[in-house]
Amino acid sequence: MSTSKKFAAVTGAGSGIGRAAAIALAASGFTVALMGRRDEPLRETKAVIENAGGDAYVVAANVADERSVEAAFAQISREFGRLDVLFNNAGRNAGAVALEEYPLDFWNDVVATNLTGVFLCARAAWRIMKNQTPQGGRIINNGSLSAHSPRPNTIAYTATKHAVSGITKSLALDGRAYRIACSQIDIGNAATPLTERMTRGVLQADGNMAPEARIDVSHVANAVAHIASLPLEANVLNMTVMATTMPFVGRG
């Protein structure tokens, strides 16, 4: 496989931030593996990319399942011959639930997707990047503003996003020996179906309900593409992309 080509994988590429990032990466010259559980949304993303002249492949994957992840990255290795970038994007939202009512099954499901899934995909990508020639690559983890500050009654989501920050730092440190860079992008209120509720009002730290500003998801996608396009001697360890007026900085 020609090393002049660039290859990326995006988890959760069937919708929202994942779809937008996959499209932006393809527009930047990457051939993109579109990873996710549902075939139809992935094929819709693939069609958008190909209609714009890009290259994309659909790869079935459940990030919370080890065998599924291993099979998916084995397919990527066969199809591409190498992997330059992983956007570790797949995750699940978790609505506000009071701690005393928090079901263990709900906790386990959030952890499986938002934390274990990030680990499994990073490990699989790492193995490819470490052993390929030229050696190296870049892993970009989708964090959240919740990696820094929680919303009310979101203990599982907040815990997993704090843990993703630990994974990012560990990968950034351990990757030095193998030319593997690791970044984290923390996103605040990108305009996707998951954040539609923000426009109607969400619970604030002071107990009030208030609507929040959102930003077009293209701004996030372009940021991912920028990080992905950096040479491996340069890294954006942490980036925050957020709606300017949302209540994150300060006591609002």
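Residues are numbered from 1 along each chain as its sequence is written. In this predicted model, local features need pLDDT of at least 70 and side-chain atom pairs count only at pLDDT 80 or more, whereas totals for chains, interfaces and linings use all residues.

Visitor: How many helices and strands does the secondary structure of the chain come to?

Guide: Helices (H or I, at least four residues) and strands (E, at least two) are DSSP runs, numbered from the N terminus. Counted in this way, the chain has six helices and eleven strands.

Visitor: In what order do the seven strands of the open sheet stand?

Guide: Two strands pair if DSSP finds at least two bridges between them. Strand 1 (residues 6-11) and strand 2 (residues 30-36) pair in the parallel sense over six bridges, with Ala8 opposite Val32. The pairing in the sheet is parallel, and the order is 3-2-1-4-5-6-11.

Visitor: Why is one side of strand 3 and of strand 11 left without a neighbour in the sheet?

Guide: Strand 3 (56-60) and strand 11 (238-242) each have a single partner strand, so one side of each lacks a neighbour, as both stand at the edges.

Visitor: At about what angle does helix 4 run to strand 4?

Guide: Axes are lines fitted to C-alpha atoms, for helices over the stretch in contact (heavy atoms within 4.5 Å), and angles run from 0 to 180 degrees between N-to-C directions. Helix 4 (residues 104-131) lies across strand 1, strand 4, strand 5 and strand 6. Its angle to strand 4 is about 180 degrees.

Visitor: Which residues are the closest to the centre of the second largest pocket?

Guide: A pocket is an open set of points on a 1 Å grid where a 1.4 Å probe fits, with protein on both sides within 12 Å along at least five of seven lines; lining residues have an atom within 4 Å of a point. Of its 18 lining residues, the closest to the centre are Lys6, Arg82, Asp84, Leu230 and Leu232.

Visitor: Which residues does the cis peptide bond join?

Guide: Most peptide bonds are trans. Here omega is about -5 degrees, and Pro134 lies in the loop between helix 4 and strand 5. The cis bond joins Thr133 and Pro134.

Visitor: What is the phi of Asn153 near?

Guide: Most residues other than glycine have a negative phi. Asn153, in the loop between strand 5 and helix 5 (155-174), has a positive value, near 60 degrees.

Conventions
Side-chain values use heavy atoms; hydrogens and water are left out.
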